[in-house]
Every structure is written in structure tokens, then in C-alpha cells.
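Keep the viewer open as you read.

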Amino acid sequence: MTAPAPHAFVKGHGAENDFVILPDPDGRLTLTPADVVRLCDRRTGLGADGILRAVRCAAEPEAAAMREAEWFMDYRNADGSLGAMCGNGLRLLARYLVDAGLHRPGALLIATRAGTRRVHVPDHTGPVTIDMGRPRLSGAAGIQVTAAGRTWPAIHVDMGNPHAVVLLEDLRLAGDLGTAPTVTPAAAYPHGATVDFVAPRGPHHLQLRVHERGVGETRACGTGACAAVAAARAHQPSPSLAVDYTADLPGGRLHIVVRPNGAMDLTGPAVITAQGTVSLALPSGPGLPAGARGQRRSEAPETDPLRRSRAEHAQG
């Protein structure tokens with residue numbers, strides 16, 4: 001049996017790549033793929049490219065071993081599938097934690113399914129920066145992407161999630177990315193891939209269009225911007241000094257710094273746009289295990305999720 005229950009949410013975006021944040025510090029919320037699809041629907045739901053459940057590592061079995069971080073980003077793609085890493089989403093989640101008073105401004109660690117990431121969040125406003133780590137290029141030969149009746153070679157880049165990067169002179173050649181491009185061989189991406197079409201626009205300046213796995217064409221993609229830089233540098237020697245790149249996407253501009261050790265810092269906007277409550281069908285009734293009952297309280301719910309999160313933080 002399920003019963004509708006109000007749950008706090010926060011809406012925001014990073015370069016117009018938008019997300020719904022569901023604060024769940026104590027890990028009480030059971031979120032099904034159907035819940036995610038409904039919430040992300042742009043006509044009947046809140047509308048988003050994905051869902052970010054903000055849960056403390058101590059309350060989330062997936063993150064219990066990541067003891068150096070307090071918070072875990074449980075990222076879900078718009079189709080309900082699990083996601084390991086999301087650069088724009090992680091920046092937005094970090095901005096929420098600071099704005100909600102759950103972490104002080106400055107450096108913080110957030111756990112993801114791709115590992116722990118260090119994030120720097122200024123107070124109140126300003127771009128947020130993530131240490132994205134070092135990209136991994138598989139070196140696999142023969143990877144191809146087909147879209148709009150054309151086929152191109154692609155470079156496999158792992159940024160904590162899988163990318164197939166296609167280098168083009170004209171991004172219009174990619175056609176309508178409402179339909180997922182075909183990536184072959186399928187065995188190279190057993191769980192699918194985000195496909196990044198990348199065009200050079202000058203020294204250290206790239207322009208992208210992205211079809212994101214489990215979402216569709218998005219206005220921006222943080223891991224995609226990093227993967228594009230990695231692919232553009234695939235045959236270049238490691239820099240002796242940090243190198244700055246600019247990535248322009250339909251939703252805005254992201255900045256990537258390649259450090260001498262090959263690790264990348266991703267910087268871009270993270271903007272909270274709305275907050276409120278949304279009805280979720282949460283498990284109810286006695287005998288459910290801890291963490292599966294959802295938010296079932298006798299008192300009226302707090303309607304301001306930022307204020308509510310501060311109160312829960314103070315109590316915990």
C-alpha cells in the first residue's frame with residue numbers, strides 16, 4: 001500500500017542542465033524509477049533532466065564506505081536509471097548544501113557512485129568548481145557513432161560515466177539529437193553512452209552538443225565538456241603548466257582547467273530557481289524496514305526545504 005505524501009524539493013540548473021533535488025538527509029525516502037520519470041516529465045511533473053537525492057553517507061548503504069564525505073549524491077537520469085556522475089548536478093547539489101546551511105562555504109567533499117569529488121562553493125553566489133579527477137581514455141579502436149545518416153569515428157572517454165566523443169567541423173551535421181545516436185560496437189558500451197559532438201572554435205575553445213544517456217539532448221553536460229577536452233587533447237603531451245579550456249554549450253559556458261597531472265577542474269554556474277513540496281507515493285504501514293517508510297510525520301510538513309534542512313541539520 002502506498003499513500004501520497006508531500007516531500008520537499010528544490011529546483012535548479014547548471015548552464016540550463018536542470019535538476020530536482022530531493023533532500024533526504026536520513027535516507028527515509030524510497031525513490032522508484034517511476035517516481036523519477038514522473039517528476040522529470042516536463043508536462044505532468046516538475047520537469048528536469050534528472051533527480052538528485054541528497055542523503056548523508058551514514059544513512060545510505062551505497063555510500064557508507066565513503067567516510068571522508070558527509071553527503072552522497074544519489075543521481076537518477078530522467079528515464080529512471082541510476083547515474084554514477086554528473087558534473088552540473090554535483091555543482092548544483094553543492095550549492096544547495098551551502099545555501100541550506102548544511103555545509104559552510106568553501107571546500108567540501110561529496111560522494112558519488114563514481115567516487116568522492118572535492119567541490120569548492122563560494123558563499124551565496126558565483127560559479128562552483130569540481131575536481132573531476134583524471135579522464136580515462138580506453139584506447140579502444142573501431143568505435144563509431146551514427147546520427148543523421150552519417151557515421152563518424154569516436155573516442156571513448158570515461159569521466160566516471162561513459163562518453164563517446166565525435167570531433168566535427170560543423171555541429172549541425174549531428175542533426176536532431178532527440179533520437180539517441182547509434183554507437184558501435186555495442187560491447188564497448190554495455191550500459192549505453194553519452195554522445196558528445198565537439199567542434200573546435202579556437203585555441204582551447206570548444207563547442208558541444210550532447211545526447212545524454214538516459215535523458216536525451218541536454219542544454220549542457222559537465223562530464224561531457226571534460227570528455228571533449230580529453231578527446232581534443234588525446235594526442236597532445238601532458239602540460240607542464242595548467243591549461244584553461246572554454247566549452248560552449250546551448251545552455252551556457254563551462255570552464256575546464258587541465259592540471260599538469262592530467263586531472264581536470266570543472267567550473268560553471270549553479271543556480272537555485274525554485275523550492276516547494278511535491279507529492280510522492282511513499283511506502284506506508286507497519287513492519288517496513290528503516291529507511292523504507294518515507295517521510296511520514298504527524299506534524300504538518302515544513303514547506304520551505306532550505307529552512308527545513310537547516311532545522312534537520314541542527315537536530316542531527
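A salt bridge here is a side-chain nitrogen of Lys or Arg within 4 Å of a carboxyl oxygen of Asp or Glu. Keep in mind that what you're looking at is a predicted model.

**Charged pairs**

Let's start with R209 and E217, whose side chains meet in a salt bridge at 3.0 Å, N to O. Is each of the two partners buried, partly exposed or exposed? R209 counts as buried because its relative accessibility is 16%, under the 20% cut-off. E217 is partly exposed, since its relative accessible area of 33% falls between the 20% and 50% limits.

Salt bridges that share partners also build one network, made up of D24, R53, E60, E62, D74, R76 and R113. Inside it, D74 and R76 form a salt bridge. D74 is buried, with a relative accessible area of 0%, and R76 is buried as well, at 10%.

Then there's the pair D18 and K11, joined side chain to side chain. Both count as buried: D18 has a relative accessible area of 10%, and K11 comes in at 15%. By the same rule, the count for the model is 20 salt bridges. In general, side chains of opposite charge can pair when their charged atoms come close.

| Salt bridge | N to O distance |
|---|---|
| D18 and K11 | 3.4 Å |
| D74 and R76 | 2.8 Å |
| R209 and E217 | 3.0 Å |

**The chain as a whole**

Zooming out, the chain has 4 helices and 21 strands. Of its 316 residues, 52% are buried. Its accessible surface comes to about 13700 Å², and carbon and sulfur atoms account for 53% of that.

**A three-stranded sheet**

Now look for an open sheet of 3 strands, in the order β11-β10-β14, with antiparallel pairing. Its edge strands are β11 (150-153) and β14 (182-184), each pairing on one side only. From one strand to the next, the twist averages 20°. β10, which covers residues 144-147, pairs with β11 over 4 bridges in the antiparallel sense. As a general point, strands of a sheet pair through backbone hydrogen bonds, either parallel or antiparallel.

**Nonpolar cores**

The largest nonpolar core has 53 residues. Which of them have the most contacts inside it? They are Y96, I110, V119 and I256. If you click on I110 and skip residues up to four places away in sequence, you'll find that it touches A69, W71, M73, L90, L93, A94, L97, G115, T116, R117 and V119. Apart from that core lies another, of 17 residues, including I143, W152, A164 and L168.

**One more strand residue**

Last stop: T246, in strand β18 (residues 243-249). It counts as buried because its relative accessibility is 17%, again under 20%. Leaving out residues up to four places away in sequence, T246 touches H204, H205, L206, R253, L254 and H255.

Key:
Residues are numbered from 1 along each chain as its sequence is written. This is a predicted model: local features need pLDDT of at least 70, side-chain atom pairs count only at pLDDT 80 or more; totals for chains, interfaces and linings use all residues. Side-chain values use heavy atoms; hydrogens and water are left out. Helices (H or I, at least four residues) and strands (E, at least two) are DSSP runs, numbered from the N terminus. Buried means under 20% relative accessible area, exposed over 50%, partly exposed in between (1.4 Å probe, protein chains only). Accessible areas come from the Shrake-Rupley method with a 1.4 Å probe; for residues, only the protein chains shown count as cover. Two strands pair if DSSP finds at least two bridges between them. Axes are lines fitted to C-alpha atoms, for helices over the stretch in contact, and angles run from 0 to 180 degrees between N-to-C directions. A nonpolar core is a set of buried Ala, Val, Leu, Ile, Met, Phe, Trp, Tyr and Cys residues joined through side-chain atoms within 4.5 Å. Contact means heavy atoms within 4.5 Å.
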